[in-house]
Amino acid sequence: MREGGGRALILLGPPGSGKGTQARLIRECLKVPHISTGDMLRDRMQAGDSLGMIIKRLIDEGELVTDELVNRMVQERISKPDCGKGFILDGYPRTLSQAGMMCRQLADRGTGWLVVHLKVDYNEIIRRLAGRRSCPGCGAVYHLTSHPPAVAGLCDRCGNSLSIRDDDRESVVRKRLEAYEERTRPLLEFFSEEEGSFCEVDGAGDAPPLIAERICSLARSGRPGGAAACSN
Ligand code: AMP
């Protein structure tokens with residue numbers, strides 16, 4: 001493995017486990033970009049062209065977008081200069097094929113990684129997703145009971161009306177959780193085989209800033225692992 005390509009922090013966990021919230025907090029302490037494939041796909045969807053419509057249909061149905069498209073998007077994004085010192089991956093990889101591709105890419109560029117599994121039980125996930133509201137303007141995320149905006153329905157930062165993500169509807173949430181169980185959960189085993197580059201963090205017991213602090217100190221300590229998983 002070439003050395004010197006920074007370090008990637010990879011947040012794994014089911015929908016609603018707090019990957020996005022944690023990534024936004026952690027980027028402040030690690031000072032590296034936050035790369036969310038969900039956000040990138042939602043942006044791409046806005047173009048309204050045929051690819052955008054395909055992406056929208058898959059997201060709205062709780063299905064995963066193709067590995068090929070997501071791998072390409074991530075590859076392009078991490079080759080930008082701001083990722084030289086490292087980056088946070090939120091929502092990627094989500095399949096074994098994506099994980100294999102990611103391992104090869106990171107090893108080639110000399111980027112070590114730490115995978116953090118955010119553990120949250122399913123009742124809590126349903127509660128979180130049902131109350132989640134987000135700002136279409138700045139992307140800020142709220143929760144009706146645990147993190148409400150100062151004025152009901154409006155974003156604290158930019159005053160836009162908050163909305164419910166289409167894919168947070170109950171029937172779609174069920175599909176997303178199924179996709180997680182079938183296609184993403186196997187990644188836990190894949191990554192946990194390499195000691196030193198995988199850890200589990202309770203994603204529900206404490207307030208998000210405390211959880212983020214814990215993850216940041218894990219990311220700062222320890223050796224950059226990663227290379228051995230490529231041979232799996
Ligand atoms: P998220 O915002 O991470 O919950 O992602 C929202 C939706 O985008 C997912 O339910 C998938 O449809 C799609 N998506 C995001 N990341 C990926 C990925 N790595 N692979 C395939 N589909 C993805």
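Author: C158 is partly exposed, with a relative accessibility of 38%. Keep in mind that this is a predicted model.

Reader: How far is the sulfur of C158 from the closest cysteine sulfur?

Author: It is 3.4 Å away, and that closest sulfur belongs to C135. A disulfide needs the two sulfur atoms within 2.5 Å, so the C158 sulfur is too far for a bond.

Reader: How many disulfides does the count come to, then?

Author: The count comes to 1 disulfide. C29 and C216 form it, with their sulfur atoms 1.9 Å apart.

Reader: What does that link tie together?

Author: C29 lies in helix α1, residues 19-30, and C216 lies in helix α9, residues 208-220. The pair therefore ties together parts that are 187 residues apart in sequence.

Reader: Left-handed or right-handed?

Author: The link of C29 and C216 is left-handed, with -80 degrees about the S-S bond.

Reader: And C29 and C216: buried or partly exposed?

Author: C29 is partly exposed, at 27% relative accessible area. C216 is buried, at 4%.

Reader: Which residues point which way from β1?

Author: R7, L9 and L11 point one way. A8, I10 and L12 point the other way. Both sets are buried, R7 included.

Reader: Which strands do bridges join to β1?

Author: One is β3, residues 86-90, joined to β1 by 5 bridges. Another is β4, residues 112-119, joined to β1 by 6 bridges. β1 runs parallel to β3, and β1 and β4 also run parallel.

Reader: Now S134. Where does it lie?

Author: S134 lies in strand β5, residues 132-134. S134 counts as buried, with 16% relative accessibility.

Reader: What is S134 in contact with, leaving aside neighbours within four places in sequence?

Author: A140, V141, L162, S163 and R165.

Reader: On to helix packing. At what angle do α2 and α3 pack?

Author: About 130 degrees, with their axes 8 Å apart. That makes α2 oblique to α3. α2 spans residues 37-45 and α3 spans residues 50-60. Their crossing is left-handed.

Reader: Which residues make the contact?

Author: From α2, they are L41, R44 and M45. From α3, they are L51, G52, I55, K56 and I59.

Reader: And α2 against α4: what angle there?

Author: About 105 degrees, with the axes 11 Å apart. α4 covers residues 67-78. α2 and α4 are therefore roughly perpendicular to each other.

Reader: Which residues meet in α2 and α4?

Author: T37, M40 and L41 in α2 meet L69, V70, M73, V74 and R77 in α4. L41 is also part of the α2 contact with α3.

Terms used:
Residues numbered from 1 in each chain as written. Predicted model: local features only at pLDDT ≥ 70, side-chain atom pairs only at ≥ 80, totals over all residues. Heavy atoms only, no water. Helix = DSSP H or I, 4+ residues; strand = E, 2+ residues; numbered from the N terminus. Buried < 20%, exposed > 50% of the residue type's maximum accessible area, 1.4 Å probe, protein only. Pairing = 2+ DSSP bridges. Axes fitted to C-alpha atoms, helices over the stretch in contact; angles between N-to-C directions. Parallel < 35°, antiparallel > 145°, perpendicular 65-115°, else oblique. Left-handed = near helix turned anticlockwise from the far one by under 90°. Contact = heavy atoms within 4.5 Å.
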